[in-house]
Amino acid sequence: MENVQNIPIDIQTSKLVDIHYFHCLRIVEDWQEILSLYEKDNAYLAEVASLLSRSVSYEGPALRKQVAKAQQQQQDLSRRELECQSSSADLRERYYAACKQYGITGENVARELQALVKDLPSVLDEAGRDAAQLEEHIRLYTVFTNFVSDWSEQVLPLLSFVQKKGNTTSYEWRTGNPPVVVEKPVMEEAPADTVTEETEDEGAIDWGDNPVEIEVLDGGTDCPEGVARGEDALTILENPQSRAQFIDELMELETFLAHRLAEMGEEADVVSMNQFQLAPSVIQGQSREHMQALQGVVSQLLGRLTSLRMQHLFMILASPRYVERVSETLRQKLKQADILVLKRTSLAESRQKALEEQARLEPRVDLLAKTTRELQKLIEADISKRYNSRPVNLMGVNV
């Protein structure tokens, strides 16, 4: 073996240098001795079997586990990408749906909302003019109330006033005389929608904990005679107190008509027939179809004043700060949508890295499988040689 270690080698070519025949013969003999020692007691076979066992039991499963992990990461990231895309689209859809409820496009929320408020007086005046159709409704309710009870006060006073006078100023409703001068408060112009830097986390959600501040206008009771100022300068339907009373009286009238309609739809009983035999002709002469038409007029007017869009406009009219609040709430939806878009981009990058990791591992798996098959063939051939070349197959050797 010492001769083997002392074999002269050319450093530049890494090849054996030409040596004497007898010296070479001695080297071959030493090499055969090495092989003989390696094959003694089947040491070589044990080493090959150890390599095969390690490949099948540890290296192969570990590599395949890493490949499976990379594939699972890609599936999870793809699913989260779709979720981000869907959530982002949903937030944008909700943003535009909310804008549609307000009756705006969403280009500049604050100014569009204030533009709607500027048109609100004409909308309320139109509702006041439509109240003129309620003369028959109010008369029927008044006659019915006087017939079934001893009520002596006027029913639906504010509704009756608007039916006759229209949507006049609160001053005229309070004093009975039209004002000479009307001094309405001026609403401040809202700034354009701008995106400001946030110090909070980008993913923070606005839960709406901040209360809405309502500004109450000063009353005009101390103004000179004939001058409508503050709340008195507002029309009946602009003034929160009188508008609430007007809506309450509308609901009272609608409830009465709905109840009468239900009574007329029931089977006639002796008690009801006897009770209304002495009723005024305006009550007895009502048909079910006509009662439905009367109720429809009241319900339509009430629906216009109590719609979600009108409620928001009334809030804006009561407090300019509500415009800022609504604008910020709507902006949060767009901001969250943009955050989800950025998150989707980050997930796509992570998915690409997982794909590259899979591409790096799969050739190693293939190489290990090839090496394992070669080791398997060597073992099978060696064992077969020991038993007169009988076929030998190793089972369960899979990477």
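Here is a quick briefing on the protein chain shown above. It's a predicted model, so local features need pLDDT of at least 70, side-chain atom pairs count only at pLDDT 80 or more, and totals for chains, interfaces and linings use all residues. Numbering starts from 1 along each chain as its sequence is written, and side-chain values use heavy atoms, with hydrogens and water left out.

**Overall picture**
- The protein chain has 13 helices and 4 strands, taken as DSSP runs (helices: H or I, at least four residues; strands: E, at least two) and numbered from the N terminus.
- Of its 399 residues, 33% count as buried, meaning under 20% relative accessible area with a 1.4 Å probe, protein chains only.
- Carbon and sulfur atoms hold 52% of the accessible surface, which totals about 25900 Å² (Shrake-Rupley method, 1.4 Å probe).
- Take the contacts (heavy atoms within 4.5 Å) between residues at least 6 apart in sequence: 77% of them join residues at least 24 apart.

**Helix α13 and what follows**
- Just after α13, N388 has a positive phi of about 60 degrees.

**L302 and its neighbours**
- L302 belongs to helix α11 (residues 288–306), and it counts as buried because its relative accessibility is 8%.
- Leaving out residues up to four places away in sequence, L302 touches I247, L250, M251 and E254.
- M251 is 51 residues from L302 in sequence, yet their C-alpha atoms are 7.3 Å apart.

Technical notes. Buried means under 20% relative accessible area, exposed over 50%, partly exposed in between (1.4 Å probe, protein chains only).
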